[in-house]
Amino acid sequence: MTPTDAAVGQAPGSELSKSQQAYRWIKERIANQEFTPGYRLVLGTIAGELDMSVVPVREAIRQLEAEGLVTFERNVGARVSMVDDSQYRYSMQALSILEGTATALAARRLTADDIRNARRINELMIETLEHFDPRAFTALNQEFHAALFEKCANPRMLDLVHAEWARLGHLRDSTFAFIPGRAQESVREHENILVLIETGAPLGEIEKAARRHRSATLDAYMIHEHPDEALGLPAF
């Protein structure tokens, strides 16, 4: 008996029920990280992929929820759980410090066109808020921050920032899938960082604003997912 057969309670050689087919299909994509933590599982889309009704897909998702692989929230729906998020926390803590410093080091090198481009990206992010898509928002968020830190003169610092962004990409689909309310605060903080850069604020202020902006997302995630552990978080 294969692990998958055992997981769905199916004897070797017998035909899988539709709910078991859906269960195996979804679980395989979670296992190979095609569906990363935070990924929204849309029943109708999955049913269409598998050429079945949503009823067996819903049954499969309920089984995955019982195993802790999927979380279901009212008004949000089903999404892949962050089963072990310690690596995510480490990357976010590191990124808050590294990206904050890289942004400050790049600030004096940014041109008026660079600022306009970053503001344009932030405006696109604001436009997505009405019909929120966490994945699209996260992609724009990365583009916004890259516009601010890519001109950092320290290549080693840039390498470290890129490495942590890459790790985050493997760890989850989007943090904002877990904490959609954080998105509105995030775009406001973006504008604040832009104003600091535009007005030639001290680099220490720019670094602090960029660092606190990143750590605030981690704080919001911790309060949502681990409220007991969120108490007394250090201010990075």
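What covers the buried residues of α9? In this predicted model, local features require pLDDT of at least 70 and side-chain atom pairs count only at pLDDT 80 or more, whereas totals for chains, interfaces and linings use all residues. Residues are numbered from 1 along each chain as its sequence is written, and side-chain values use heavy atoms, with hydrogens and water left out.

Helices are DSSP runs (H or I, at least four residues) numbered from the N terminus. The cover over the buried residues of α9 includes α5 (86–107), α6 (112–128), α7 and α10 (203–225). Buried here denotes under 20% relative accessible area, with a 1.4 Å probe and protein chains only; the buried residues of α9 are R182, A183, S186, V187, H190, I193, L194, L196 and I197.

The axes of α7 (residues 134–149) and α9 (residues 182–198) come within 12 Å and cross at roughly 15 degrees, the axes being lines fitted to C-alpha atoms over the stretch in contact, with angles from 0 to 180 degrees between N-to-C directions. The helices are therefore roughly parallel, a term for angles under 35 degrees. In their contact (heavy atoms within 4.5 Å), F137, N141, F144, H145 and L148 of α7 meet A183, S186, V187, H190, I193, L194 and I197 of α9.

With 17 residues at 1.5 Å a residue, α9 should span 24 Å, and the separation of 25 Å between its end C-alpha atoms agrees; the expected span is 1.5 Å times one less than the number of residues. Just after α9, G200 adopts a positive phi of about 70 degrees.

Notes:
Helices (H or I, at least four residues) and strands (E, at least two) are DSSP runs, numbered from the N terminus. Angles under 35 degrees count as roughly parallel, over 145 as roughly antiparallel, 65 to 115 as roughly perpendicular and the rest as oblique. Buried means under 20% relative accessible area, exposed over 50%, partly exposed in between (1.4 Å probe, protein chains only).
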